[in-house]
Amino acid sequence: RDFNERCAQCSEVNWGLTDGGRFYCRSCHNVTERTREVVNTDFISNTRVQTISKSLRKQEKTDKGCEWYVCEGFQLVLKKQAEALEALGVCPQMKDEILCNFWRRYLQKSKQAYCNRPAGETVKALSVCDSSTDVDSEPETPSLLHFLSLSESEGDLQTDCSFASSASKMSESTSVCSGSVDGSLYLMKNQKEKLRMTMPMTLSLCYMALLWLREPMTLSDLLRFVVEGHIPYLNFFQHFPEKMKLCGLDLKIFYVESWPVYEEVYKKMLELAAFLDLPRFPDITDSCFLHPDMLCMKYLMEANLPDELHTWTCRVVKKICIGEADFLTLVPGNKSTRNVKYDVLAAAVIVVVLKLLFLLDDHYEWLLSDFAGERNKNNKEGGPYFEFKKWYKVIKCSLDVEQKKLDEERAKYLWRCEKPLFYSAKNKSKVLKRRQMVVNLQNQFGKLSGSVRPAEKPHPSSFQLSWSEENTDGNCFHGHSLKGILQEKRGLLTAMNPDYWLCTVKLCNEKECGHLAHYREVDFPQSYHFVLRLFSFLLRIQPSSIHDEVCVIEHKLFNKKLCKKPRYNTVLRK
Amino acid sequence: SSHEHKLNFKKSKEVCLSYIQDAMLRKQWKRAAEFLTSYIESLEKDFSREYMGPSEIIWRIGTEILCHHSHSSMKEFNSFIEQMKTLGVKRYLKVCLEHTFHLLCNGLVDEAYENLSLAESWRFGEQTAIQDKEMKLIQAYRGLLDYYSWSKQKNILLEHGQDGFEDLSVEQEMHSCFRKAAVNLKEIIKIPGVWDLFVKCYVDLLEFYGDHNEARQVLNEYAYNSKFPANPNAHVYLYQFLKRHGESKKSLISTLKILHDIVPSHELMIDFNTMLQKSKKRKKRRLGLEVIFAALDYAGWKENVKAWSCLARQVKKIVISEKHLDWIKQEWNSRKDWWPTFHFSRYLAKRNWQENESLSYEKALVAGILLGKDCKYFKYISHQGCKAQMKRFRILKKFVNKHNPVYLRISG
């Protein structure tokens with residue numbers, strides 16, 4: 001027992017514990033509000049974090065569950081997500097070390113744990129939904145969220161006075177409830193200082209960990225796996241253990257009804273990295289999956305384009321120096337360098353290469369294709385030349401089919417799960433009745449649907465489109481040659497196409513309008529739009545994002561020419 | 001298709017709904033059911049601010065699908081509707097009413113009656129008062145079904161009467177149905193609206209039991225009360241009633257006059273013109289001409305032999321009497337620019353002759369008078385008729401030739 005204060009009444013130091021876990025003075029039987037700290041390591045297993053519950057008394061009411069804090073909830077989310085990633089093939093280090101440490105650091109930085117006195121957390125005991133005012137904590141009681149173990153004593157000591165002042169602002173009239181102890185507080189916190197954790201941000205954290213380990217998974221892959229259901233995100237509350245009851249404001253925190261957006265997850269990741277004061281991430285070198293040379297190879301295969309194009313993507317990468325480790329590696333907090341979206345970058349490089357070789361002005365590429373077609377008809381030896389037209393037909397067909405499937409899936413998506421949610425015990429019966437009706441109706445119309453829904457999720461795969469050379473219908477273009485569109489000049493292979501058109505003559509100021517360029521389908525050739533559409537589908541992002549990146553690459557590539565020739569020529573001679 | 005990547009619940013359901021609508025328009029009921037299964041989730045979300053919430057959408061779409069889907073049965077439909085009734089208390093009576101219609105369309109009259117009775121006994125706080133209109137409709141339709149029962153019993157009695165049987169119980173039941181029906185039907189027709197069916201049935205009841213005064217009053221109210229929306233049928237019913245009871249020509253004519261004003265193309269215009277032609281009063285005869293010309297302005301009357309014969313008769317009379325040629329001139333004035341192409345083209349002449357000889361006869365007479373003997377229509381028809389050696393056509397030709405100067409006076 002380390003409680004050494006003097007009793008307020010008799011000034012003795014002679015303490016005992018009541019049944020309710022409170023200290024009482026043995027001399028004068030004065031009962032205090034100070035409670036004994038109890039260690040509870042129930043549901044968080046993988047870390048050495050320990051929580052403290054307020055009093056033993058509360059745990060007797062087993063049907064009402066136990067107390068839990070919001071950050072514990074997020075910890076569970078991260079744990080499950082990491083496990084899912086491990087099942088997808090990510091190395092166990094991610095879960096056991098990296099993510100874990102990031103999370104701890106986050107808790108520390110946001111002063112939710114690992115420090116002596118987390119800031120401003122006086123907790124009102126509105127822990128269970130329908131409990132009558134069991135408020136037995138007075139404003140002066142210090143926060144009970146102490147985390148033992150390795151406390152890097154960075155937290156500054158806050159006096160009881162500050163607690164009192166902050167707590168008194170919160171009146172007794174907070175009748176909003178939450179299953180978690182600090183649900184209502186959590187939502188009231190000032191966001192800017194602390195970078196409040198949200199569900200989309202858990203994905204940012206995961207991605208950050210993946211990036212640290214340089215795992216072969218891009219952000220678009222990660223988000224796609226989330227949507228396909230391989231990584232728990234939506235309706236996560238199903239995974240909460242029985243004891244952790246979710247209701248009221250918790251739903252605002254943990255229940256999401258929208259899919260995460262690439263840009264937002266990425267942005268938050270950068271913010272997080274800076275917030276956590278992380279050092280420079282491990283270098284992305286040319287043997288990494290995320291390096292543009294590697295990713296280009298992957299995307300070329302997926303897009304069913306000839307392998308020979310890879311030389312060209314490497315040339316572009318080299319020329320504009322985007323293959324350098326310094327360019328590719330994330331340095332948190334460094335605002336001067338533009339941060340790299342590896343997947344978008346690789347896709348944009350391919351688009352630029354296609355423009356270099358085929359021009360993509362809705363004329364030239366078809367012309368080249370006709371020449372190649374002629375040659376292929378007359379000359380069967382030496383393998384086929386790549387015909388843009390054939391490729392276009394094959395890809396368009398597949399893309400349309402896949403896009404249609406995707407759109408229908410999105411329309412048919414079921415957002416709710418069997419476990420129902422209620423805001424309060426008051427509407428519990430109403431919610432359950434509604435749920436029952438929904439299930440009945442779904443059964444009725446489900447039977448009339450005819451087709452049986454496939455019960456399993458699609459097997460997770462890194463490749464969405466695959467093409468095989470063994471296929472006899474000649475739909476695979478990997479091995480096709482680019483000879484028809486190349487020529488030799490002074491010992492170097494160059495494109496026959498002498499022209500190039502820039503997507504934009506001048507880049508926008510990102511800070512002002514949020515974009516580097518503004519993409520409108522009608523302003524550009526249809527072939528260009530088609531290529532954007534293809535990668536837009538593969539990466540599940542808007543075509544404009546890829547277009548922005550294309551603009552940036554072009555400006556780097558033609559930097560010298562742009563400085564020389566200002567206004568008129570948007571078509572450049574290479 | 002939308003490549004919207006920022007996908008949330010609400011957007012997803014909007015897209016889902018558009019897929020449902022698309023499938024329904026293409027009559028792909030299985031597909032519509034498939035997407036509706038996903039849409040149903042919306043019930044768990046609060047859309048109270050929307051104009052039409054998911055519960056109403058699901059009710060209407062679900063009904064459509066169950067009506068058309070090959071595998072759905074009445075039983076399934078009923079179970080679905082019962083669930084819909086519990087979904088929206090503000091819509092309860094409306095759903096009951098539509099359910100009733102559906103049952104009636106499927107010939108389940110008894111079930112429909114039961115449904116209506118149940119709905120009639122529904123009470124739900126202030127909602128009962130708010131849904132007062134629907135309640136009145138429910139009572140009215142129950143009255144209608146009572147009328148239907150009454151009618152069946154009446155027919156049974158009439159049959160037995162012929163056979164010499166007397167059936168007291170049927171008679172008593174018949175009277176009781178009458179009472180129930182009368183009460184409800186009387187109520188609904190008090191409210192301004194279009195209640196053709198109810199009015200007809202109620203009048204039928206009243207006539208059977210000999211309460212002609214009440215019947216007449218009801219019909220008058222229905223036709224002339226300005227609070228009621230303008231309804232040509234109201235005048236038609238009144239006219240038919242008056243005719244049945246041998247009312248004076250004067251009252252018949254005044255009823256039909258209003259009908260002519262509202263619907264100049266009504267089929268009763270022939271009766272009207274016939275009555276007016278016979279009248280001794282000049283004004284009435286003048287009106288008659290106006291009426292028949294007006295009717296023939298409409299495309300639906302182009303091949304109506306009776307109408308043409310009315311016009312022909314009247315025109316002939318006027319021409320022979322040589323009085324009131326100015327009437328024809330007045331009527332023809334606004335029509336001479338377009339009636340020739342509309343009625344009297346050479347193409348029509350050929351077609352009319354081929355398809356309907358009587359029609360061409362009447363039309364030819366009119367054409368001959370209005371356009372003269374040299375007009376395309378008359379020339380063709382009279383030529384054909386004379387070629388076929390039909391006596392009346394020869395007479396016609398002579399008549400028109402004789403009165404050709406009339407045409408000059410008319411067309412001037």
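Of the 574 residues in chain A, 51% are buried, meaning under 20% relative accessible area, with exposed over 50% and partly exposed in between (1.4 Å probe, protein chains only). This is a predicted model, so local features need pLDDT of at least 70 and side-chain atom pairs count only at pLDDT 80 or more, while totals for chains, interfaces and linings use all residues. Residues are numbered from 1 along each chain as its sequence is written, chains are lettered from A and ligands numbered from 1 in the order in which they are written, and side-chain values use heavy atoms, without hydrogens and water.

Chain A has 21 helices and nine strands. These are DSSP runs, numbered from the N terminus: helices are H or I with at least four residues, strands E with at least two. Contacts here are heavy atoms within 4.5 Å. Among the contacts in chain A with a separation of 6 or more, 72% join residues 24 or more positions apart.

Now turn to the interface. Chain A brings 35 residues to the contact and chain B brings 40 residues. On the chain A side, α16 (388–412), α17 (428–448) and α19 (526–539) each supply at least two residues. The largest share, 11 residues, comes from α17(A). By class, this side of chain A has 12 nonpolar, 11 polar and 12 charged residues. Here Ala, Val, Leu, Ile, Met, Phe, Trp, Tyr, Cys and Pro count as nonpolar, Asp, Glu, Lys and Arg as charged, and the others, Gly among them, as polar.

Side chains of opposite charge can pair when their charged atoms come close. The cut-off for a salt bridge is a side-chain nitrogen of Lys or Arg within 4 Å of a carboxyl oxygen of Asp or Glu. Three salt bridges link chain A and chain B. One of them pairs E34(B) with K412(A), the closest N and O atoms being 2.5 Å apart. Over all chains, the whole structure has 44 salt bridges.

Other pairs sit within one chain. In chain A, E374(A) bridges to K377(A) at 3.7 Å between the closest N and O atoms. Both lie in helix α15 (residues 364–378), three residues apart, about one turn of the helix. E374(A) counts as partly exposed because its relative accessibility is 42%. K377(A), at 58%, counts as exposed.

In chain B, K13(B) pairs with E41(B), with the closest N and O atoms 2.9 Å apart. K13(B) lies in helix α1 (residues 9–25) and E41(B) in the loop between α2 (29–39) and α3 (54–68), so the pair ties together parts that are 28 residues apart in sequence. Both K13(B) and E41(B) are buried.
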